[in-house]
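Please look over the structure shown here before reading on.

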Amino acid sequence: MENTYTAVTDAVGGSLALSALVSTLPLLAFFIMLLGFKARAHVAGLASLLVALLVAVFGFGMPWDLAGMSAFRGGIYGLFPIVWVILMAIWFYQVTVLSGRFEDLRRTFDFIGGGDLRIQAILIAFCFGGLLEALAGFGAPVAITATMILALGVKPLKAATTVLIANTAPVAFGAVAIPITTAGEVGGKDATVIAAIVGHQAPFIAFFVPFILLWILDGVKGLKDAWMHAAVIGASFAIAQWWAATYFVYQLTDVIACIVSIAAAVVFLRFVKPRGVEGVRERYGITAPLEVEHLPGHRIWMALMPYLVVVIIFGVANLYTPLVNWLKTTVVKFDMPLLSERLLKADGTAVDTVYKWAWLGNPGTYLLISGILVALLYSIFNENGKYKLSMGDAFKEIGAVAYKMRWSAATIALVLALAFVMNYSGQTVAIGEYVASLGVAYAFLAPALGWVGTAVTGSDTSANALFSKLQVTAAEHLQEGGMTGAHPELMLAANTTGGVVGKMISPQSLAIAATSVNMEGKESEIFKAVLGWSFILLLAVCALVFLQTTVLSGLLVEPYLTGH
């Protein structure tokens, strides 16, 4: 039999502390390259992967071929399904842009907001931005909504701050919940359970975000004039997010939440108009007459239709049992060469390294099918060529999107390769065992790992890839130490939700926001404007997670570990 490998946590000098310290070198390399040397993300990812391979081989004694194949295994998962899902999500959004219907969607928000700049900004940044995050993510919500809000007359710094803070609530379920799917895969836990627990964390943030946006847009006056509208939008989003994450298809959580919050806003605004509409226009120096374009109902319907198609496709694929069972039979599985039967656990059993590719039953393929249907409907109902979209142009856009995100795809593949090398070699476990010695303090600080990871990488998915195994290891050791409420699934959820509030301060998000509002080179001003809010929300998440490990565990966590 070929040589086997079993990871041990005291491989370096027989010391857990020293092994954990050495294991941090790949992560330090990533952060130093990204922040210190201002390297591009894929370059930082490659450098950190090389460091992880060196630590695995020379520090932990892992055979070089196993280390290399571990990286290959992670890279494949990074491309399929993660990059596949993101590619299809961005393409789906581009179909709506190419059709010309996206502009009608923007005008629909003007109409819904009734001319109130503050409500319009919240609907665009929070509700519509959340919808973009649900389907595309990857910086698209910040770039698109910042431009739309700037067009309303909001000053550049306020526009950038508004969209960055609004982009917090939906991030955990962004790009059809790929951060949670990644946490489940890397952490070895059920993603549906993680989603349910995140659904008992993220809504608390979501409820307060519209109030924060009102404060940013119009201070105390804005809160006095429109607090009820903020409450309706925030509460409806939070309740729908909680329900969809817990009882529906978790990949569609943000889609459902955004649609429900928009609908709630439409109904509420019909009966209760916000006060001070003209006053806020004066404070913003807007002198043009207030005009709200009334779009025909069929144009509004066609602008919203793509998102209904997505809900139907995902709902049927995940809830219609015969189809669900059939899709499971289409999964492609194969053993990884060199890894199979050679990576062993401490008890001598083999680590599961089988690669599984659900080429048909995965969110990326569902989005492809949805996009084809939407493009077909748009090509048929083109209103005498006004909204012309050919199927050829729609398919051609897939290549254009793939080219645009080529370096981002490389970054994702490299980060997942790094995560798998660290996991299989024992580096992540060594860090996890050591930090678990912090005991109760770790239960409070667990979300900070996700916050740091997302702040540096700009991706909650990448943060979960880096730290999910660590969170699981730390949780297991906390439970062994008597802290029974520190469930691995809860720590994975904590990493995800902590990352949510870190995205607003990531260099990538700041750069995208600055470019979108014509503040290139002034990222530091935007950073100062959002940093305080990021810290406040992080402390709130840390406190909530700590309560979920203790007094609230039986109410908000444990019921979902055995099914919900």
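Predicted model: local features only at pLDDT ≥ 70, side-chain atom pairs only at ≥ 80, totals over all residues.

Residue numbers count from 1 along each chain.

**Helices**

- Helix α11 covers residues 202-247, and its end C-alpha atoms span only 15 Å. A straight helix of 46 residues would span 68 Å at 1.5 Å a residue.
- A kink of about 130 degrees in α11 is centred on Asp218.
- Phe80 and Pro81 are joined by a cis peptide bond, with omega at about 25 degrees. Pro81 belongs to helix α4, which covers residues 64-99.

**Ser506**

- Ser506 sits in the loop between α22 (488-500) and α23 (507-516).
- Ser506 counts as buried because its relative accessibility is 0%, and the cut-off for buried is under 20%.
- The side chain of Ser506 reaches the backbone oxygen of Lys503 at 3.1 Å, and it makes a polar contact with the side chain of Ser509 at 2.9 Å.
- Apart from neighbours within four places in sequence, Ser506 is in contact with Thr454, Ala455 and Gly458.

**The loop between β2 and β3**

- Leu338 lies in the loop between β2 (332-334) and β3 (343-344). Its phi is near 75 degrees, a positive value in a residue other than glycine.
- Glu341 is also found in the loop between β2 and β3. Glu341 is not a glycine, yet its phi is positive, at about 70 degrees.
- Leu338 counts as partly exposed because its relative accessibility is 35%, whereas Glu341 counts as exposed at 52%. The cut-off for exposed is over 50%.

Technical notes: Heavy atoms only, no water. Helix = DSSP H or I, 4+ residues; strand = E, 2+ residues; numbered from the N terminus. Expected span 1.5 Å × (residues − 1). Bend = angle between axes of the 7 residues up to and from the residue. Buried < 20%, exposed > 50% of the residue type's maximum accessible area, 1.4 Å probe, protein only. Polar contact = N/O pair within 3.5 Å; in protein donor to acceptor, adjacent residues only side chain to side chain. Contact = heavy atoms within 4.5 Å.
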